[in-house]
Amino acid sequence: MNQKNIKKLSTFEAAVTAIGEYIIGRGLQPGDVLPPEPSLASSLGISRNILREALRHYRTLGLIESKPKVGTVIRTLIPDNPYAGYFPILASQTELRPKLAEMRECLEAGFAPYLVQRVTENDLQHLQNVCERFKHPYSTEQIVFTDMEFHIALLEIAHNQLLTGLIPLVVHFFATESGPTSNPDPMCEYQRHLAICDALSSRDAERLTTLLRQHYKSYSGE
């Protein structure tokens, strides 16, 4: 997008696109500093007010951050929690719970072949240690947070940055904002999660997929 087109559009979307193209075109990387607002606005051919709004968009995504005496710094090129700014709104939409359950099921079950390929002995040991916490919980909340820790660790085995960016939404947000549909049984949860560990340990992608799909029936209340 050239400066002439940006001036013609003069919109928030144009400014967001222009900043993205500026970063890409100059090959900027995490740690690099963007020019001061007056200079950047001038080079992009947009007003400083629109520029500030567009920069706020990138801050919400976690792509940039402001550092004292440094300026606006590129933090990452891949959002690590793109939905963070919208959690309060999402939490108010109760009908989203089954949609989140669908997302979790599709993501984890769909990644099963990659998980069994990439899991390490350290990963398995960590998951098994988490499983042990299901045996003697002191509250329902502990069961929920143990489940959350297990599934975060499970998805991180994939070593996929784009997937990692969705973890706060499909695991953390789902657990903290929605909670369980009923009081979970500790030993039942222990056995479910231990079976997932066993499928990973045996590198059985088909069994892992089946177990994960069965596991998510409890989240959807089926």
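This is a predicted model: local features need pLDDT of at least 70, side-chain atom pairs count only at pLDDT 80 or more; totals for chains, interfaces and linings use all residues.
Several of its positions are covered by the rest of the protein chain, and the buried residues in helix 6 are R97, L100, A101, R104, E105, L107, E108 and A109. As background, residues three or four places apart in an α-helix point the same way, because such a helix has 3.6 residues a turn.

Attention can now move to the strands. Strand 1, made of residues 64–67, pairs with strand 2 in the antiparallel sense, and four bridges join the two. Within this pairing, I64 of the model stands opposite I74 in strand 2. Three residues lie between the strands of this hairpin, where K69 takes a positive phi near 65°.

Together with Y83 and I89, Y86 forms a nonpolar patch on the surface, and the three share about 300 Å² of accessible area.

A last stop is helix 2, which covers residues 12–25 and includes G25. G25 counts as exposed because its relative accessibility is 63%, where over 50% is the cut-off for that class. Between G25 and V170 there are 145 residues of separation in sequence, and their C-alpha atoms are 33 Å apart in space.

Key. Residues are numbered from 1 along each chain as its sequence is written. Side-chain values use heavy atoms; hydrogens and water are left out. Patches are made of residues with over 30% relative accessible area and no salt bridge: like charges are joined within 9 Å, nonpolar side chains (Val, Leu, Ile, Met, Phe, Trp, Tyr) within 5 Å. Accessible areas come from the Shrake-Rupley method with a 1.4 Å probe; for residues, only the protein chains shown count as cover. A salt bridge is a side-chain nitrogen of Lys or Arg within 4 Å of a carboxyl oxygen of Asp or Glu. Buried means under 20% relative accessible area, exposed over 50%, partly exposed in between (1.4 Å probe, protein chains only). Two strands pair if DSSP finds at least two bridges between them.
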